Amino acid sequence: MPGSSLPRSAQSGRRQKVIRDDIADAGPSAARRNVLVQGAGGGVATALVQLATTAGIRVWVTSRDAGRRQRAVTELGADNAFAPDALLPELVDVAMDTVGAATLTSSLHALRAGGRLVLAGASSGAITELDISAIFLRSLSVLGSAMGSPDDLRRLADYVATHEIVPAIDSIWDLDNGLQALERARTGDAFGKVVIRCS
């Protein structure tokens, strides 16, 4: 990523594809669109909040931790933050879920009729029971999102540089301490990306 440090570059990956494809064609224009991002402190989630707010999208986040909810608003630019399963002021157009089993049902319930659920991770587990009537009765769509193409990465780099976005990085670890870094990421206590430096 031109003009970026290696840890910041490590934050990139799938985010451009999620913002461009998975939000952009799901409902109203950006100025009126409302997106819910589950798990406010996660590496993917923090990047999604920053990219979406920069694009003029109204963003709500959830986190079980009050401190991370506050940081998502004050540091990342989220418009509001809620505890998981809280009653939202209104239904949203898109729910971005990287948490998985623990939040999947609440993500579906948060969507307006015709809304979209985007699954881009499963940090709490990938196996869960699901009432599929919540999907077909309200004409919801469910989309899985993984890594984008090299062109996606280049466009993301340009976008981040143009808008001077500084990705949220929780911590940087040497490779010798990789196990501790993985444990830091696994616990869910991090806010932003946990980076392992390989050189």
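Which helix holds both Glu183 and Arg186, and how many residues apart are they? Both lie in helix 8, three residues apart, about one turn of the helix. Glu183 is partly exposed at 35% relative accessibility. Arg186 is exposed at 60%.

This is a predicted model. The protein chain has 199 residues, and 42% of them count as buried. Its secondary structure comes to eight helices and eight strands. The chain exposes about 9900 Å², with carbon and sulfur atoms supplying 54% of that area.

Now to the end of the chain that holds helix 8. Strand 7 (residues 169–174) pairs with strand 8 (residues 193–197) in the parallel sense, over five bridges. From strand 7 the chain passes through helix 8 (residues 178–187) to strand 8, a right-handed β-α-β crossover. Within the strand pair, Ile172 stands opposite Val195 in strand 8.

Salt bridges come next. The count is seven. Three of them are listed here, including the pair already described.

| Pair | N to O distance |
|---|---|
| Arg184 and Asp170 | 2.9 Å |
| Asp152 and Arg155 | 2.9 Å |

The Arg184 and Asp170 pair links distant parts of the chain. Arg184 is in helix 8 and Asp170 in strand 7, 14 residues apart. Arg184 is partly exposed at 30%, and Asp170 is partly exposed at 23%.

Asp152 and Arg155 both lie in helix 7 (residues 150–162), three residues apart. Asp152 is buried at 5% relative accessible area, whereas Arg155 is partly exposed at 38%.

Key
Residues are numbered from 1 along each chain as its sequence is written. This is a predicted model: local features need pLDDT of at least 70, side-chain atom pairs count only at pLDDT 80 or more; totals for chains, interfaces and linings use all residues. Side-chain values use heavy atoms; hydrogens and water are left out. Two strands pair if DSSP finds at least two bridges between them. Helices (H or I, at least four residues) and strands (E, at least two) are DSSP runs, numbered from the N terminus. A crossover is right-handed if, with the strands pointing away from the viewer, the path from the first strand over the helix to the second runs clockwise. Buried means under 20% relative accessible area, exposed over 50%, partly exposed in between (1.4 Å probe, protein chains only). Accessible areas come from the Shrake-Rupley method with a 1.4 Å probe; for residues, only the protein chains shown count as cover. A salt bridge is a side-chain nitrogen of Lys or Arg within 4 Å of a carboxyl oxygen of Asp or Glu.
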